Structure formats: structure tokens, C-alpha cells
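The sequence and structure are shown first.

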Amino acid sequence: MGKLGKTAWELGRNFLNGKLNPQTSTYTKTLYRVGKEIDEKFETALNEMVNHVRQRDKETIKATLDAMFEDGLYSWDIIAMAYVFIRKCAQRSREQGKDKDTIEQLALFVGEYVEDRCTQWIEQREAWDDFCQTFLKNTHNSRATAINPMVIAVVIMTLAYK
């Protein structure tokens, strides 16, 4: 795992564990803020995606993430949504009494996914610092609320036919 992948994994682990403290990275703090906005705006659609993978394996989770990036247009918004989706999967795992290893596996999975799928795009944007800068520029109402609802519709429709 490269440096970007390690950051992606640590971001996933910290975000999935749900704890902020003074040592929490700026990346994680930004993801918390943006993730909350995404979750509020797309709660129903995200829950539908999580329900689809409820009893399924990582292949279904990967297919869901693939559908998010299907159009080939990358953005920090979609990357943040991927983390929110994985966090909701982790929350469902906790509710089902799954052990902490399952949560750690999901954090590793999202880190590896983002590294594999998005590294080139992230590197072109000065790495994860651009993630924070993108959302700092837009104050409290981040661009996350501008995610194209069609992306969500495509993901749900793709899952419906799997």
C-alpha cells in the first residue's frame, strides 16, 4: 500500500470508528463534516444501497462503489460519498453484532479501493490536502450537497439488476 493508500485506509479507519479527538487529522475532520452533509441529503438512497448489501459479500460492496464511479468522472464529493456508504455498512455490521475485525476489514477495503481506483486522480490534485481545501473554500455548505442525484439513481438502478 502506497502513501495515498495508507492515508485512504487511515481516513477510513478513523471515519468508521466515529471518534474525534484533538489528534484527529484534518482529513478526518473534513470528512466528518462533509459526510454528515452527504448523509443528511442522501440518507434514503444510501440506506437503500446498504440494504442491498445487507447479507452480501465484499463483491457487492465493490459493485456499489464501482457504480458510483461508473461515469469516470471523479470528484471529492463522490470519494466522500464512498466513505459514507462504507461507514453505513460498518454501522449495519455493528448493529448485527459483528466483531471489530469486520469494521477494520471495511476500513482496509475502502482504503484499498480508493487507492486502486482514485490514486491518479488524487495525485493530480496535490493529494489529500486538496480534499480539505476544496471543502474549506465552500464554508459550511460544502459542495457535497451538489452531488448529482443522477449518480445516486444510477447506483441504485445498477444494484437493482445485480
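## Cysteines

A search of the whole structure finds zero disulfides, where a disulfide is counted as a pair of cysteine sulfur atoms within 2.5 Å. A disulfide is a covalent bond between the sulfur atoms of two cysteines. C89 is buried, at 6% relative accessible area, and C132 is buried with a relative accessibility of 6%. Buried means under 20% relative accessible area, exposed means over 50%, and partly exposed is in between (1.4 Å probe, protein chains only).

## Basis of the model

The model is predicted: local features need pLDDT of at least 70, side-chain atom pairs count only at pLDDT 80 or more, and totals for chains, interfaces and linings use all residues. Residues are numbered from 1 along each chain as its sequence is written, and side-chain values use heavy atoms, with hydrogens and water left out.

## Overall fold

The chain has seven helices and zero strands. Its elements, read from the N terminus on, run α-α-α-α-α-α-α. Helices (H or I, at least four residues) and strands (E, at least two) are DSSP runs, numbered from the N terminus.

Of the 162 residues in the chain, 47% are buried. The chain exposes about 8700 Å², and carbon and sulfur atoms supply 48% of that area; accessible areas come from the Shrake-Rupley method with a 1.4 Å probe, and for residues only the protein chains shown count as cover. Among contacts (heavy atoms within 4.5 Å) between residues at least 6 apart in sequence, 75% join residues at least 24 apart.

## Nonpolar core

The largest nonpolar core has 45 residues, and Y83, F85 and W128 have the most contacts inside it. Such a core is a set of buried Ala, Val, Leu, Ile, Met, Phe, Trp, Tyr and Cys residues joined through side-chain atoms within 4.5 Å. Two or more residues of this core come from each of α1 (3-17), α2 (26-53), α3 (58-68), α4 (76-95), α5 (100-123) and α6 (128-136). Helix α4 gives the largest share, twelve residues.

Which residues does Y83 touch, not counting those up to four places away in sequence? They are A8, L11, G12, F15, L31, V110, V114 and W128.

## T30 in helix α2

T30 lies in helix α2 and is buried, at 5% relative accessibility. A polar atom of the T30 side chain lies 2.8 Å from the backbone oxygen of T26.

Leaving aside neighbours within four places in sequence, T30 is in contact with F131, C132 and F135.

## Salt bridges

Six salt bridges are found in a search of the whole structure. The criterion is a side-chain nitrogen of Lys or Arg within 4 Å of a carboxyl oxygen of Asp or Glu. In one of them, the side chains of E10 and K6 meet at 3.3 Å, N to O. These two residues are four residues apart in helix α1, so they are separated by about one helical turn. E10 is partly exposed, with a relative accessible area of 26%, and K6 is partly exposed at 46%.

D66 forms a salt bridge with K62, with the closest N and O atoms 2.8 Å apart. D66 and K62 are separated by about one helical turn because they are four residues apart in helix α3. D66 is partly exposed at 22% relative accessibility, and K62 is partly exposed with a relative accessible area of 38%.

The side chains of E95 and R92 meet in a salt bridge at 3.7 Å, N to O. Both residues lie in helix α4, three residues apart, about one turn of the helix. E95 is exposed, at 65% relative accessible area, whereas R92 is buried, at 15% relative accessibility. Elsewhere, salt bridges that share partners join K62, D66 and R117 into one network.

Q91 is also placed in helix α4. Is Q91 buried or partly exposed? At 31% relative accessibility, Q91 counts as partly exposed. The C-alpha atoms of Q91 and V50 are separated by 9.8 Å, and the two residues are 41 residues apart along the chain.

Terms used:
A polar contact is a pair of N or O atoms within 3.5 Å; within protein, one must be able to donate a hydrogen and the other to accept it, and residues adjacent in sequence count only if both atoms are side-chain atoms.
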